[in-house]
Amino acid sequence: MKVLVVDDSSTMRRIISNALKQFMPDADIVEAEDGNDGFDKFQANQDVELILSDWNMPNCDGLEFLKKVVETGHTAPVIMVTTEAEKSNVVTAIKSGAKNYVTKPFTPDVLKGKISQTMGI
Amino acid sequence: MKVDVNLINPFIAATTNALEMMAMVKPERKKVYLKTDNVLIGDISGIMGLSGDVSGSIILSFEAKTACKIVGNMLGASYDTIDDDVKDGIQEIVNLVAGQAKTMLADTEYHFQISIPTCIIGANHQVNHKKGVPCVVAEFDLEGSPFTLEVSIAPKSS
């Protein structure tokens, strides 16, 4: 499964990738460092099946990235992985098309649970 | 200017929570006091600005070996010196702390936005917080090494 991980922190991209590898060892992980890079990588990888995105990023934040992806009609679910845990932000993201939400900090088991819930696996 | 503990405590709780969950370490909070100088105790400090209904900044300051251990635990790797990975890792930790505290304070009068984190490297580095705003220091012990959380924050109306 191809997974796109979008986060301006290289640390967080590695943490997420390491967690993904624990329960999806065959995952093909594509990384992006902001929303613009994320959309470029999304367009170049149309076989992506799952997208994990931060919210607060420079050069196009996660909410704008989410909206751009949803606008394309692509079926890959977007899960927001962010410190923005206020209810109003969660509602905004879900209404904008996010399929699930992971609050930072998180454990690998929490991430796994949210992905399983989203993908039905 | 008085210090509102309701404004400070979420940052202290968030520090412990972020390090326990992401770096699998258990910091022990020691003393809490008002800071009287501008010198940070560590070799690397992660800094985050806060704005909105409150303004100010928070800083997490670590010795090099502590920062290396924390980031090494987060990434499942080993670091001997402060390199780009360690710098980014410490910035991410301060981002997590600020983000959690922001959520804890969201339903209070202390709603704020956070900036992109930065870090400063070097022994005896100094940072000036906002003039006139008290800076509260929470000292922690992590496996025998100290680190500090500095919170300099005040309601915008003050």
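The model is predicted, so local features need pLDDT of at least 70 and side-chain atom pairs count only at pLDDT 80 or more, while totals for chains, interfaces and linings use all residues. Residues are numbered from 1 along each chain as its sequence is written, chains are lettered from A and ligands numbered from 1 in the order in which they are written, and side-chain values use heavy atoms, leaving out hydrogens and water.

Let us start with the sheet. In chain A, 5 strands form an open sheet in the order 2-1-3-4-5, with parallel pairing. Here, helices (H or I, at least four residues) and strands (E, at least two) are DSSP runs, numbered from the N terminus, and two strands pair if DSSP finds at least two bridges between them. At the edges of the sheet sit strand 2 (28-32) and strand 5 (100-103) of chain A, each pairing on one side only. From one strand to the next, the twist averages 20°.

Now look at one pair of neighbours. Strand 1 (residues 2-6) of chain A is joined to strand 2 of chain A by 5 bridges, and the two run parallel. Strands of a sheet pair through backbone hydrogen bonds, either parallel or antiparallel. A:L4 has A:V30 as its bridge partner in strand 2 of chain A, and A:V6 stands opposite A:A32 in strand 2 of chain A. The chain gets from strand 1 to strand 2 of chain A through helix 1 of chain A, in a right-handed β-α-β crossover (with the strands pointing away from the viewer, the path from the first strand over the helix to the second runs clockwise).

Helix 1 (residues 10-23) of chain A lies across strand 1, strand 2, strand 3 (50-53) and strand 4 (78-82) of chain A, running at about 170° to strand 2 of chain A. Axes are lines fitted to C-alpha atoms, for helices over the stretch in contact (heavy atoms within 4.5 Å), and angles run from 0 to 180 degrees between N-to-C directions. Helix 2 (residues 35-44) of chain A also packs on the sheet, touching strand 1, strand 2 and strand 3 of chain A.

Most residues other than glycine have a negative phi, and most peptide bonds are trans. Yet the peptide bond from A:K104 to A:P105 is cis, and A:P105 lies in the loop between strand 5 and helix 5 (108-119) of chain A. B:N124, not a glycine, has a positive phi of about 60°.
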